[in-house]
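Please have your viewer ready.

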Amino acid sequence: MFSLFGQSKINLLLVDADEVIHLRWQGGKLTELEHYDSDDENFDRFHVFLENDHKTPFVIVTDVIEEDFRTENVAHVTGADRKALITRKLNNLFRTTRYRTARVIGREKDGRKDDRILFTALTKPDMFEPWVVRILAQKVPVLAVTSAAYVMEHFAQSLSMSNAPHLLVVNQEPNSGLRQTYLQKGRVIFGRLTPAGVSRSDSFAELLIEQCDQTRKYLERIKQLPYDAPLQVYVFTPKAFTEERESTQDLLHFNYRSIEELPLTRKINIKRTQPGAIAYSLVSGLRKRAIPNVYAPDSTLRYLKIQRIRSALYTMSALAVLGAAVMVGPTLVDAGSKLEQERQLNERIAPLLVQYQELTERFPMTPIQSAQMEIVVETHDRIAEQVVRPNEVLALLSEGLEASPELRISGLSWELEETSAAASQDNFG
């Protein structure tokens, strides 16, 4: 199954024996865009379309007779041995096409208990490969190459019919004809297409019974369907079928359904014809992103792989950025908190700085240098610490001069001596 990887629209090419129908899936609806024939003029038209829209991916769906189904029993092996065995078988069975696949559909109950493997291939790739080549030339991704038979497998699952042990889904397609797909418990085993106009009868009911009877006989002959097993046949027609005959015919149990009565039909916008079961199944699959890539080899899917790698790298880059943000987030939050605290502190300091500036301007300017001011202050402090203070001595001298006016002082000298704290205590203790 493929993934849309965020794609809002998808181009689809429905290839049948007569023409190529170009459909567009967008906005939950399937809309018809163009019809092409396989000639140079239509190839040029398609090339112009690709030049104008080279980003929308494509799905290729084939509805042709040239699809081969073969079931073989092979030895039961696993791992690399099984892969090598299947590859060798595919090369032997389908040498002329790259569009081939295989899958294990069961295992024998007796004997060696071999694996039952279904090998299928689109045996005439030149019917659709010119369109694939032109798509890839514009580097447009191809999401899937599948067939109507495998689309019908999903169709049966979408309508809860996948549990039937033997189921034949018959859909009348307006362009290609009558398609029959045989499924066992929901898995396609065989498919065939009967082109319109192949029967001599003008009655669709007669054509239906005739072709279903041929399919049953073929399935019995290749031992896919037991001779006495009832085969449930679900017939899907674009409009309500009015020619119903007996609902049972030689172990064929018929049930008739009209596509126009199914719920998703309103999602289909095809102008020229009534939509068939293929278009309905495409809508159902695209809604669930479940269109299978059955046949496209790796070379056809190369631009899809490049797209997926690019998307994976983008996703990894986004996750790396997110992880870094988660790791750095607490640091950034802490830094933001500290910046907020700094801002609040600056707001509180600003008025104090204004007051300091005002007080500074009030003090008079002094010519005394700071070093000289330091000496004056230290001298004052030392004088204040003297044992005999000068003012006290002068007071005594004044009292003596007042008591003895006849005394005259011709001079007064001072001598400063530094005394220790202990000596001061002894003298004035």
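A crossing of two helices is called left-handed if the near helix is turned anticlockwise from the far one by less than a right angle, and right-handed if clockwise. Before we apply that, a word on the source: this is a predicted model, in which local features need pLDDT of at least 70 and side-chain atom pairs count only at pLDDT 80 or more, while totals for chains, interfaces and linings use all residues. Residues are numbered from 1 along each chain as its sequence is written, and side-chain values use heavy atoms, without hydrogens and water.

Helices (H or I, at least four residues) and strands (E, at least two) are DSSP runs, numbered from the N terminus. Now find helix H1 (residues 40-52) and helix H3 (residues 129-137): H1 passes H3 in a right-handed crossing. Their axes come within 10 Å and cross at roughly 30°. Here an axis is a line fitted to C-alpha atoms, for helices over the stretch in contact, and angles run from 0 to 180 degrees between N-to-C directions. H1 and H3 are therefore roughly parallel to each other, a label for angles under 35 degrees.

Which residues of H1 and H3 make the contact? On H1 they are Asn42, Phe43, Phe46 and Leu50, and on H3 they are Pro130, Trp131, Arg134 and Ile135, where contact means heavy atoms within 4.5 Å. By class, this contact of H1 with H3 has six nonpolar, one polar and one charged residues. In this scheme Ala, Val, Leu, Ile, Met, Phe, Trp, Tyr, Cys and Pro count as nonpolar, Asp, Glu, Lys and Arg as charged, and the others, Gly among them, as polar.

On to the strands, where two of them pair if DSSP finds at least two bridges between them. E5 pairs with strand E7 (residues 115-122) over eight bridges, and Glu67 stands opposite Leu122 in E7.

Finally, look at strand E9 (residues 167-173), where six of seven residues are buried, meaning under 20% relative accessible area (1.4 Å probe, protein chains only). Seven bridges join E9 to strand E10 (residues 177-184) in the antiparallel sense, and the two form a hairpin with three residues between them. Five bridges join E9 to strand E12 (residues 231-237), and these run parallel.

Note on methods:
Angles under 35 degrees count as roughly parallel, over 145 as roughly antiparallel, 65 to 115 as roughly perpendicular and the rest as oblique. Buried means under 20% relative accessible area, exposed over 50%, partly exposed in between (1.4 Å probe, protein chains only).
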